[in-house]
Amino acid sequence: MYWDMPVPRMDTRRMSFIYIDEAVVSQRDSALTISDSEGKWELPITKIAAIFLGPGVSITSKAVHLISMNDITINWVGQEGVRFYASGSPATKNARISIKQ
């Protein structure tokens with residue numbers, strides 16, 4: 001059977017996901033700052049497609065705002081991503097689909 005549907009393609013400009021646990025996630029300019037016992041890293045927000053937050057993560061509201069403004073999904077998961085607790089998907093920035101309806 002032939003399906004006349006577009007084939008989904010992976011966005012090669014972004015990492016598919018990042019898993020963070022036992023760290024503090026904050027925002028600095030257009031990057032996420034991840035601080036833990038080993039050090040501090042800055043991660044450009046445009047390089048991430050999804051973020052998985054494990055136990056022990058503290059995230060600032062400014063970091064959540066930055067994540068949502070860049071169309072990134074946040075997932076709250078158990079240790080090593082075993083259990084899934086919640087998800088936050090950003091709202092769309094345009095009404096293209098609503099206008100089509």
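Guide: A term before we start: rings of Phe, Tyr and Trp (its six-membered ring) pair if their centres lie within 6.5 Å; planes under 30 degrees apart count as stacked, over 60 as edge-to-face and the rest as tilted.

Visitor: How many aromatic pairs does the whole structure have?
Guide: The search finds 1 aromatic pair. F17 and F52 form it, edge-to-face, with 5.4 Å centre to centre and 80° between the planes.

Visitor: What does that pair tie together?
Guide: F17 lies in the segment before strand 1 and F52 in strand 5, so the pair links parts 35 residues apart in sequence. Helices (H or I, at least four residues) and strands (E, at least two) are DSSP runs, numbered from the N terminus.

Visitor: Is this model predicted or experimental, and how are residues numbered?
Guide: This is a predicted model: local features need pLDDT of at least 70, side-chain atom pairs count only at pLDDT 80 or more, and totals for chains, interfaces and linings use all residues. Residues are numbered from 1 along each chain as its sequence is written, and side-chain values use heavy atoms, with hydrogens and water left out.

Visitor: Back to F17. What's its relative accessible area?
Guide: F17 has 48%, so F17 is partly exposed. F52 is partly exposed too, at 24%. Buried means under 20% relative accessible area, exposed over 50%, partly exposed in between (1.4 Å probe, protein chains only).

Visitor: New topic. Which residues of helix 1 are buried?
Guide: A63, L66 and I67. Down the helix axis they fall within an arc of 100°, so they line one face of helix 1. That arc is taken from the directions from the helix axis to the C-beta atoms.

Visitor: And which are exposed on the other side?
Guide: S61, K62 and H65.

Visitor: What covers the buried ones?
Guide: The cover includes strand 2 (24-28), strand 3, strand 5, strand 6 (58-59) and strand 7.

Visitor: How many residues are in the largest nonpolar core?
Guide: That core has 16 residues; I18, I20, L32, I48, I51 and I67 have the most contacts inside it. Helix 1 gives the most to this core, with 3 residues. A nonpolar core is a set of buried Ala, Val, Leu, Ile, Met, Phe, Trp, Tyr and Cys residues joined through side-chain atoms within 4.5 Å.

Visitor: Last one: is N75 buried or exposed?
Guide: Buried, because its relative accessibility is 9%. N75 sits in strand 7 (residues 73-77). Not counting residues up to four places away in sequence, N75 touches A50, I51, F52, L53, F84, A86 and S87. Contact means heavy atoms within 4.5 Å.
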